[in-house]
Amino acid sequence: MALFRQCPDTGLFFHKEAENLMKANAVAGVVCLLIAGTLALLVVLTRWPAVHLLPADTFYMVLTAHGICALIFWVILFEIAILYFAGSTLLRSRLATPRWACAGFVLMVVGAIMTLAAVFGGNSSVMMTSYVPMRADPSFYLGLILFAVGALIGCFVYLGTLVVAKNEKTYEGSVPLVTFGATVAAIIAVFTIASGAEILIPTYLWSIGYISHIDPAMYRVIWWALGHSSQQINVAAHVAVWYLIAGVVFGARPMSEKVSRAAYLLYIFFLQLASAHHLMTDPGISSEWKIFNTSYAMYLAVLASMIHGLTVPGAIEVAQRKKGLTNGAFEWLRKAPWGNPVFSGMFISLVGFGFLGGISGVVMGTEQISIIIHNTIYVPGHFHATVVIGTTMAWMALTFLLIPVLFRRKMILPQFAKLQPYIFGLGMSMVAVFHMAAGTLGVARRHWDMGFAGNPLGFEYPATAYLLMGIAGIGGVIAVTGGALFVIITVGSLIFGEKLQPEAGLLQSFGVPLADSAYSDEKPARLPMAPAEAVEADHGEAGFEAPGTFILAMVLLVSFVIYYFINWKYLSEVWGLA
Amino acid sequence: MADDNNTDERDDEKISPWQQIIDNPFLLLFIGVAMPTVFYTLWGVMEVATIPIAPY
């Protein structure tokens, strides 16, 4: 018999096994974030030219661990927690095969430990991309494979939960939009992990001597189906989190369910093809392949992101205007709960992802202008805007929401929690913007020493590049401070936060089940179908229902157009035509 | 019980084919795996595999 408890504050239902797995995955994810953030400080203090902290070999080891911990372990562990939340809690369903879900979690943790042990062992400093013919310790690849298998199990447990919910009729109509978004994330994850298996299993066999050779060009094509698609899982999932937070904080409904779902459908069709933009300068691959996958397919995925970027704040604006905040174009935004880290974190995530990550991503995905920033520090600038400001800040905002709801603890240090999104968002925006600026001046992406000291063919960057890298270093320290604050507040809340129900003990904060007395074997009432048609009928009849959002969208569009053509101007200066 | 079945049947009748596609996660899974497998992976691998090998 499945046991459920209902959160007295939100009315959400939690299946006992699903709840424990959500906690365990989220906590393990935050541990990985802590490791990644600590390593980030060392990376920042080394790439800051005036500090230049670590020696070269240690720097590459630390950078490898930072990349894998942040881009793979932290985000995917947290995503599995989101999948279980979207499948079980939002559909009021029991989790399918909780034992398999536990096995998947154990595999992910064991895989993460193996990989990190291999990296810190010192003989696997191959960076996250682990391009062949650089050879890491076999346990490095094996750890990644185990982690991927665990994540794949998590995805199929989620898909199984959708089947259980449908068969047991726990909801009416279509699944909620947030669950639909999580489904898209799970679908992208399946392709991503399958691609990882395609390339990491042969590479593991190569590392132990069973295969003599792996073609580096082939490796790059297949690896990027893993490397970039893993970040597309984030995009689908953090957009779902935006919709969730807009709904919870404002009671906002999507402006059009149909349009939002169609945008998600564009992700399913086209988002993963954008992996091709990593191979823009690779020889041996035709322009047809590059241009179709980026300039056609990728732009349709970008269109989908622009739709979400319009409909999420639009839904908030409509909800705020219904509450009477109708003065001018932006009263709804001025009077939003900026002191609530759930909202402020989510909104900074949305704006940073669109303005910094989105615009720079299109530039990187255009074959001609990509060449001027390819393999420069511009690239980390871009993906810190997408994955850190976009995804990590969305995860942080969701965590602030879930501490009382899922963990049943009151958040400690509420005044610091109010500031945390601003500190982290400011610092990370500085990292993104100034790295992109330095990359435009050509600063190399991965080189330990931007001055190339002691090299026979050294290169002297303009002094401005050193200044920009210094400012990015300051931004990095601010961001790490914000990240540390997040870990202190969240972990501190799980340990020292006031219990919101007596069963929520210390061990229960970390995945041990609450006492059975907290649960009931009564089946939750069927989730009623959302009145989408009624809401949509409200929208669209009065013309500009969300004028503030429309203005913001136009600002984004104009910024994009200007920046896009500035890059063509830069390109024209690279190759002067007589 | 019979009423429930009738209600479900009526609901099914109202659902458009387009909505039924959107509501089928396994069909979406097939599309989401097939599209990038064909246009990104297979096409990309074919391009690399057909590069002539340089003579020693």
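## Helix packing and local details in a predicted model

The axes of helix α1 (residues 16-47) of chain A and helix α2 (residues 56-89) of chain A come within 7 Å and cross at roughly 155°. This is a predicted model, in which local features need pLDDT of at least 70 and side-chain atom pairs count only at pLDDT 80 or more, while totals for chains, interfaces and linings use all residues. Residues are numbered from 1 along each chain as its sequence is written, chains are lettered from A and ligands numbered from 1 in the order in which they are written, and side-chain values use heavy atoms, with hydrogens and water left out.

Let us stay with the helix pairs for a moment. Two packed helices are described by the angle between their axes and the distance between the axes. Axes here are lines fitted to C-alpha atoms, for helices over the stretch in contact, and angles run from 0 to 180 degrees between N-to-C directions. Helices (H or I, at least four residues) and strands (E, at least two) are DSSP runs, numbered from the N terminus. α1(A) and α2(A) are therefore roughly antiparallel to each other; angles over 145 degrees count as roughly antiparallel, under 35 as roughly parallel, 65 to 115 as roughly perpendicular and the rest as oblique. Their contact is made up of 28 nonpolar residues, six polar ones and one charged one. In this grouping, Ala, Val, Leu, Ile, Met, Phe, Trp, Tyr, Cys and Pro count as nonpolar, Asp, Glu, Lys and Arg as charged, and the others, Gly among them, as polar.

α2(A) also meets helix α7 (residues 229-250) of chain A: the axes come within 10 Å and cross at roughly 45°, and the two helices are therefore oblique to each other.

Next come some individual residues of chain A. Thr161(A) sits in helix α4 (residues 138-167) and counts as buried at 0% relative accessibility. Buried means under 20% relative accessible area, exposed over 50%, and partly exposed in between (1.4 Å probe, protein chains only). The side chain of Thr161(A) reaches the backbone nitrogen of Ala96(A) at 3.1 Å.

The loop between α3 (98-120) and α4 of chain A contains Pro133(A), which is joined to Val132(A) by a cis peptide bond with omega of about 10°. Ser130(A) belongs to the loop between α3 and α4 as well. Its phi is near 45°, a positive value in a residue other than glycine. Asn375(A), in the loop between α12 (367-370) and α13 (378-405) of chain A, likewise has a positive phi, about 60°, although it is not a glycine.

Ile201(A) lies in helix α5 (residues 177-207) of chain A. Ile201(A) and Ile145(A) are 56 residues apart in sequence and 7.2 Å apart in space, C-alpha to C-alpha.

Here are accessibility values for three of these residues:

| Residue | Relative accessible area | Class |
|---|---|---|
| Ser130(A) | 0% | buried |
| Ile201(A) | 39% | partly exposed |
| Asn375(A) | 44% | partly exposed |

Zooming out, chain A is divided into domain 1 (14-250), domain 2 (257-336 + 543-571) and domain 3 (373-448 + 460-510), with bounds from an automatic or database domain assignment. The centres of domain 2 and domain 3 of chain A, taken over C-alpha atoms, are separated by 23 Å.

Chain B has three helices and zero strands, and buried residues make up 25% of its 56 residues.

Conventions: Polar contact = N/O pair within 3.5 Å; in protein donor to acceptor, adjacent residues only side chain to side chain.
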